[in-house]
Amino acid sequence: MSLIDILFYFFATIAVVSASIVVFSRNIIYSAFSLLFTFFAVAGLYVLLNADFLAITQLLIYVGGILVLMLFGVMLTHKVVSVDMKTGTLKILPAALITSMIAGTLIGIFTVTDWRVAPLQTGDPIPTAKGIGEMFMTTWLLPFEVASVILLIALIGAAIIARREKEAK
Amino acid sequence: MEILISLIKILVVMLVLLTCVAYLVLVERRVSAFIQNRIGPNRVGYKGLLQPVADVLKLFIKEDIVPKLANKPLHRLAPIIAIVVSLSTIAVVPFGDKINLFGYEIKLQIASVNIGILYVLALTGLGVYGIAIAGWASNNKYSLLGGLRSCAQIISYELSMGISIIGVILVTSTLQLDKIVEFQHGWRWLILLQPIGFITFFVAIFAETNRLPFDLPEAEPELVGGYHTEYTGLKFGLFFLAEYANMITGSAIVVTLYLGGWQFPYLQSSGLPEFWTSIIQVGTFAAKVGAVLLFMVIIRWTVPRFRYDQLMDLGWKFMLPLSIANVIVTAFIIYLFE
C-alpha cells in the first residue's frame, strides 16, 4: 500500500465513523461536533484527489460557515442540549421504503451518469482555482448567478422574519 | 531529503514562533507598564528577560481544575483545537525568498500552497471552534456568553477580511502568498495600491485575534474571563499561547499581503552576495512583523473596548460596505487600465 492509499483509508474511516456518530449519537451537540470531523475528512479526500480549491472551499463554507451557524443555534437553544433525542426505530415499513427509494435513486444516478474522468496526473498538482473561475464566468454563468440570487432571497427572507418578531414584542 | 528539509523547516519555524510568543508577552507587559507609568516585570534575569521562562514554569506546575458539571471530553478538546489552528496558519507564510545552505536550495516557506490565501481564510474560520467549544463545555454562563460573542464577532469580521483580500487578488492575480510577495518588489507594496483594503483587513485582523478594542469574548469587567474562565494551569496556558500565536501569524499575514513581505527595496540590485541578501530579507520580514506587533500592543493599551452593538455596527455598517466599495473601485481601475 502506498502512502496515498493509507491516507485515503485514514480519511475514509474518519468520514464514515464520524458520520455514523452524527446519526446515532443521542446528544445533539456531539452530533454537531462529529459533523466537524466528517467535513474535515471529506476535505482531506478532496486534497488527495488534487482538488485543492474544492477542499478549501469545503472548509471555508461548511466548517467555517454552516457548521458554526448550527452550533450557534444548538448552544443558544439551551433546552435542546439536555433532551435525549429519539434514535430508536419507529415505523419500519415506510422508513425502509423511503430509504430504499433514495438509495435506489442514488445508485441509479451513479451507474447511469457518464462521469467525466480526468487522465491520471503524475508530478506536481495543477492549480484548479483558475479553471474553476473561468468556467463559472463563461460556461456555467447562469447556474452560478441563479445560485447567488437564491442565496440573496434566503438572506432577505431571514432578515424580514427576524425583524417582524421584534416588532411584535 | 526533501521531507527532511521540510521537517527541519517546520521545527525551526515552530521553535522561533513559540519563543516569539513568550517574548511577545514580555514586550506586552513592559510596554503596558511604560504606557501606564509603572515599572513592569524587571526582576527575573537581566531587565526581566527570563520572565517568560518563569511564567511558563508557573503554568506547568499549576493545578488543573475541571468543573464538576463541565462536558469533560469537549472541555479537554477545546484548547487543543485552538492551538492547532493558530499554529498551522504560519505554514503558508513566506518569510524569505530562497537560501543556499550546504549545497541545497531551500525555499523559506514551509508549504507553497497554490491557494495559500484561501487556506489562511479557512483556518481563521476554524479559530471560532476552540473558543466556542471552550465556552459551551465549561458549563458556565460567562464562558458561554464569551463563546457566543466570539462566534458572532469572528463571523462578522471574516466577511470584511475576505472581501479586502479580493482586492489583493485582483491586483496581483494570484492566490499564492509567495507570488504575492514577489509582486511587491521595489516600492510596489500593496499598502500603497490598496490603502483602504489595508485598513479594513488590519481592523479585521484585530477582531479575529480578539485583541482590544475587540476583545469582547474575554472582556474581564463584564464576563470574568470570558471563554477561559473555567480553565486553569496548562489548558489556560494553551489558550494564552494560541492568542499570542494568532497575533504573530496575523501580523505576518498583514506584512505578507500589504507591506511587501520579505522585500527590501533595491536590495537585489545592490550586488551583495546571495547568501547575505537572503539573510537580510528574512531580517526585513522579522522587523516588519515586529513593527506591526508593537503597533498592536500599543493600540491595546491606548484604545478602550467597544460595546457589543458598536462592534457589530462597525463590522456590518462600516467595514463591510467599505471593503465592497474597495473591490468595485479596484476592479474598475484594473478594467480601465488593461
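**A tour of chains A and B**

Start by showing chain B against chain A: about 2,100 Å² is buried between them, and carbon and sulfur atoms give 83% of that area. Buried area is the accessible area (1.4 Å probe) that two parts lose on being put together, summed over both. This is a predicted model: local features need pLDDT of at least 70, side-chain atom pairs count only at pLDDT 80 or more, and totals for chains, interfaces and linings use all residues. Residues are numbered from 1 along each chain as its sequence is written, chains are lettered from A in the order in which they are written, and side-chain values use heavy atoms, without hydrogens and water.

**Stop 1: the interface**

Select the contacts (heavy atoms within 4.5 Å). You get 22 residues of chain B and 23 residues of chain A. Look for salt bridges, meaning a side-chain nitrogen of Lys or Arg within 4 Å of a carboxyl oxygen of Asp or Glu. Across this interface the rule finds zero.

The largest share, eleven residues, comes from α4(B).

**Stop 2: a salt bridge in chain B**

How many salt bridges does the whole structure hold over all chains? The search finds four. Select Glu28(B) and Arg300(B): their side chains meet in a salt bridge (3.6 Å, N to O). Glu28(B) lies in helix α1 and Arg300(B) in helix α11 (residues 274-300), so the pair ties together parts of chain B that are 272 residues apart in sequence.

**Stop 3: back along α1**

Finish with Val12(B), which lies in helix α1 of chain B.

Conventions:
Helices (H or I, at least four residues) and strands (E, at least two) are DSSP runs, numbered from the N terminus.
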